[in-house]
Amino acid sequence: MQISTTTVSLTVDDVAASQAFFTKHLGYTEAAAADGFASLTREDAAADIVLLSRGTEVLPADQRDQRASGLILAFTVTGLEDEEKRLRAEGVEITMPLREEPWGERLFQVTDPNGVVVQFVEWAARADA
């Protein structure tokens, strides 16, 4: 098997709100869209995102009413502080402030209008490396 693309499919209540958030603040562009559906992409290594409206019949019956929850969409980036400042300046609420974990992970989180948690990560250089 060779994987050519990674796509995350998120079921949300308001496709347009998440689509606007990801395109305005996170640099995604629309690859395709229809009523209750949007496919978003970037030109870099980020995963593609498919947004599906909760209740849509294309989903299996046992998944139709579920929402994207309990997951964190994480992006490893460079210039973490600059990204946090940019998003804050654009009016995006930082839902978990910038911090550094003991194992060297530096991160902060934002949350889209449908409750999708997006985490930005940069790895700090280790002193013993």
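## Overall organisation

Of the contacts in the protein between residues at least 6 apart in sequence, 47% join residues at least 24 apart, where contact means heavy atoms within 4.5 Å. The structure is a predicted model, in which local features need pLDDT of at least 70 and side-chain atom pairs count only at pLDDT 80 or more, while totals for chains, interfaces and linings use all residues. Residues are numbered from 1 along each chain as its sequence is written, and side-chain values use heavy atoms, with hydrogens and water left out.

Two helices and eight strands are present in the protein. These elements are DSSP runs numbered from the N terminus, helices being H or I with at least four residues and strands E with at least two. Read from the N terminus, their order is β-α-β-β-β-β-α-β-β-β. The C-alpha trace spans about 50 × 40 × 25 Å along its principal axes.

## Surface and burial

The protein has 129 residues, and 40% of them are buried. A residue is termed buried under 20% relative accessible area, exposed over 50%, and partly exposed in between, with a 1.4 Å probe and protein chains only. The accessible surface amounts to about 7,800 Å², and carbon and sulfur atoms account for 48% of this area. Such areas come from the Shrake-Rupley method with a 1.4 Å probe, and for residues only the protein chains shown count as cover.

## The largest pocket

The largest pocket holds about 240 Å³ of space. On a 1 Å grid over the protein atoms alone, a pocket is an open set of points with protein on both sides within 12 Å along at least five of seven lines, whereas a cavity is a set of points where a 1.4 Å probe fits but cannot get out; lining residues have an atom within 4 Å of a point. Grid points are joined across faces, edges and corners, and the volume is the space filled by probe spheres set on the points.

The lining of the largest pocket consists of 14 residues, and Arg42, Asp44, Phe75, Val77 and Phe120 lie nearest its centre. At least two lining residues come from each of α1 (15–26), β5 (72–76) and α2 (80–89). Seven of the lining residues are nonpolar, three are polar and four are charged. In this grouping Ala, Val, Leu, Ile, Met, Phe, Trp, Tyr, Cys and Pro count as nonpolar, Asp, Glu, Lys and Arg as charged, and the others, Gly among them, as polar.

## Phe75

Phe75, one of the residues nearest the centre of the largest pocket, is found in strand β5. Its relative accessible area is 13%, so Phe75 is classed as buried. Leaving aside residues up to four places away in sequence, Phe75 touches Leu26, Tyr28, Ala46, Val118, Gln119, Phe120 and Val121.

## Salt bridges

Nine salt bridges are found in the whole structure; each is a side-chain nitrogen of Lys or Arg within 4 Å of a carboxyl oxygen of Asp or Glu. Two residues nearest the centre of the largest pocket, Arg42 and Asp44, form one of these pairs, with the closest N and O atoms 2.4 Å apart. Asp44 is partly exposed at 40% relative accessible area, and Arg42 is partly exposed at 29%.

Glu81 and Arg106 form a salt bridge whose closest N and O atoms are 1.9 Å apart. This pair links distant parts of the chain, as Glu81 lies in helix α2 and Arg106 in strand β7 (residues 105–111), 25 residues apart. Glu81 is partly exposed at 31%, whereas Arg106 is buried at 15%. Both belong to a network of salt bridges that links Glu81, Glu100, Arg106 and Glu122. Arg99 and Glu101 also meet through their side chains in a salt bridge, at 2.8 Å from N to O. Arg99 is partly exposed at 41% relative accessibility, while Glu101 is buried at 15%.

Thr7 belongs to strand β1 (residues 7–12) and is partly exposed, with a relative accessible area of 43%. Not counting residues up to four places away in sequence, Thr7 touches Asp48, Ile49 and Val50. Thr7 and Ala47 are 40 residues apart in sequence, and their C-alpha atoms are 5.3 Å apart.

Arg88 is placed in helix α2 and is partly exposed, at 47% relative accessible area. Arg88 and Ser39 are 49 residues apart in sequence and 26 Å apart in space, C-alpha to C-alpha.
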